[in-house]
Amino acid sequence: MLGKVGSKSLHRASKLGNKAIHSGAKIGAKYIDPATAVASIAVPEAGAGLALANMAAKPVLKALERGTR
């Protein structure tokens with residue numbers, strides 16, 4: 001009985017964690033382009049690095065979003 005209660009609470013905790021990861025990835029993927037644009041305007045010499053970071057981060061965020069549906 002206690003094992004079943006423990007496994008149910010672990011399952012609920014993992015569902016909450018997956019939801020948080022999914023929501024964070026969704027928000028990150030949505031706002032990474034505007035954030036990069038604002039940052040490149042604020043710091044023009046870092047524009048190329050920010051563009052590379054954007055290109056690298058966007059697929060990762062999309063994969064996290066798809067993997068946690």
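Helices are DSSP runs of H or I with at least four residues, strands are runs of E with at least two, and both are numbered from the N terminus.

1. Basis of the model. This is a predicted model in which local features need pLDDT of at least 70 and side-chain atom pairs count only at pLDDT 80 or more, while totals for chains, interfaces and linings use all residues. Residues are numbered from 1 along each chain as its sequence is written, and side-chain values use heavy atoms, with hydrogens and water left out.

2. Overall form. The chain has two helices and zero strands. Its C-alpha trace spans about 60 × 20 × 15 Å along the principal axes. The radius of gyration is 18 Å, whereas a compact globule of 69 residues would have one near 11 Å; the radius is taken over C-alpha atoms, and the globule rule is 2.2 Å times the number of residues to the power 0.38.

3. Surface and burial. The accessible surface of the chain is about 5,200 Å², and 70% of this belongs to carbon and sulfur atoms. Such areas come from the Shrake-Rupley method with a 1.4 Å probe, and for residues only the protein chains shown count as cover. Of the 69 residues, 14% are buried (under 20% relative accessible area; exposed is over 50%, partly exposed in between, with a 1.4 Å probe and protein chains only).

4. Helix 2. The 21 residues of helix 2 should span 30 Å at 1.5 Å a residue, and the end C-alpha atoms are 30 Å apart, which agrees. The expected span is 1.5 Å times one less than the number of residues.

5. The salt bridge. How many salt bridges does the structure hold? There is one, and Asp33 forms it with Lys58, the closest N and O atoms being 2.7 Å apart. The pair links distant parts of the chain, with Asp33 in helix 1 and Lys58 in helix 2 (residues 47-67), 25 residues apart. A salt bridge here is a side-chain nitrogen of Lys or Arg within 4 Å of a carboxyl oxygen of Asp or Glu. Asp33 counts as partly exposed because its relative accessible area is 35%, and Lys58 is likewise partly exposed, at 25%.

6. His22. This residue is in helix 1 and counts as buried because its relative accessibility is 18%. Leaving aside neighbours within four places in sequence, His22 is in contact (heavy atoms within 4.5 Å) with Glu65, Thr68 and Arg69.

7. Gly3. Helix 1 also holds Gly3, which counts as exposed because its relative accessibility is 54%. The C-alpha atoms of Gly3 and Gly49, 46 residues apart along the chain, are separated by 50 Å.

8. A nonpolar patch. Ile21, Val60 and Leu64 make a nonpolar surface patch of about 240 Å². Patches are made of residues with over 30% relative accessible area and no salt bridge; like charges are joined within 9 Å, and nonpolar side chains (Val, Leu, Ile, Met, Phe, Trp, Tyr) within 5 Å. Ile21 lies in helix 1 (residues 2-42) and counts as partly exposed, at 40% relative accessibility.
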